[in-house]
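Have the model open and follow along.

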Amino acid sequence: MSDIKKIHSFNSLINRLKNITTHPESIEIITTYKTSVGDYPLIKIVLGKGKSLRALISAGIHGDEPGGIESILYYLKNKEYLDYINKWEITLLPCINPYGYEFGTRTNHQGKDLNRLFMVKEPPLEVSFAQSILDTGFNLIIDLHEDDESQGYYLYQNGLGNKYERIGLEILNSLDGIMPINLESEIAGSQAYQGVIGKKLDIPSMDWWPMALYGLSKGTQMCLTLETSSLFDMEIRISAHLTAIKTAFKHFQ
Ligand SMILES: [Zn+2]
């Protein structure tokens, strides 16, 4: 363990969350897991409990992508949810891979890429934690990521039916002036159109599922996996994610 170094403190992250939210009691520790370097709590925050529409916003499943985690902090700090909290119950998972966050690793303490393990029979605890939340049923899932190989923003869009088909393009249009879009026809090995990766997939026949596809298998209407480019400053990455979230909710009304 001596060769790997802590780059963030998960405790400080929890303290920051407690300090910025007006409802610290909404921060719930669902479970805690043990590693050789310490115990980590897995947390959720629920806003607008009991509203008819349900959204999940998650981050940090890849520990080396802090932009999503920071975006959730600013989402709370700026009270970005106020525009739609009268209709939506919003569940936030600010950091699904706390070990990865502390040590700046994509994988968890067992070297596993958690976002590839949503179909396996006995998934790591972080994944079964996320699954237990997804099982409760959502209309909209937004999972925040970063990509250090992309020159601009892009997203994965997976929905049931065609009703929200234009949501991805609308999100990317709304980022005009904030961050450029990755316009390549192939991104991260997938076919893309104007920054949207949205090929219809035969979900049950796939070899593995990321979190979004597990959500889809549970009947979520629209799953968005949003990717900022981490080649930009943190402030710009946060601004892009917050604008994308805002546009997604606007389109979904
Ligand atoms: Zn990622």
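## Sheet and rings

Strands β3 (residues 53-59) and β5 (residues 140-147) run parallel to each other, paired over 5 bridges. Within that pairing, Ala55 has Leu140 of β5 as its bridge partner. Strands count as paired if DSSP finds at least two bridges between them, and the elements themselves are DSSP runs numbered from the N terminus: helices are H or I with at least four residues, strands E with at least two.

A word on the ground rules: this is a predicted model, where local features need pLDDT of at least 70, side-chain atom pairs count only at pLDDT 80 or more, and totals for chains, interfaces and linings use all residues. Residues are numbered from 1 along each chain as its sequence is written, and side-chain values use heavy atoms, with hydrogens and water left out.

Zooming out, the sheet is open, has 8 strands and mixed pairing, and reads β1-β2-β4-β3-β5-β10-β6-β9 in order. Its edges are β1 (27-35) and β9 (196-197), each of which pairs on one side only. Helix α1 (residues 10-20) lies across β1 and β2 (38-47), at about 20 degrees to β2; axes here are lines fitted to C-alpha atoms, for helices over the stretch in contact (heavy atoms within 4.5 Å), with angles from 0 to 180 degrees between N-to-C directions.

Now the rings. There are 12 aromatic pairs, meaning Phe, Tyr or Trp rings (the six-membered one for Trp) with centres within 6.5 Å; planes under 30 degrees apart are stacked, over 60 edge-to-face, the rest tilted. Two of them are set out here:

| Pair | Type | Centre to centre | Angle between planes |
|---|---|---|---|
| Tyr84 and Phe249 | stacked | 3.9 Å | 10 degrees |
| Trp88 and Phe252 | edge-to-face | 5.5 Å | 65 degrees |

Tyr84 is in the loop between α2 (66-77) and β4 (88-93), while Phe249 is in helix α7 (residues 234-252), 165 residues apart. Trp88 in strand β4 and Phe252 in helix α7 are 164 residues apart.

Elsewhere, ring pairs join Phe10, Tyr33, Tyr40, Tyr99 and Phe103 into a cluster.
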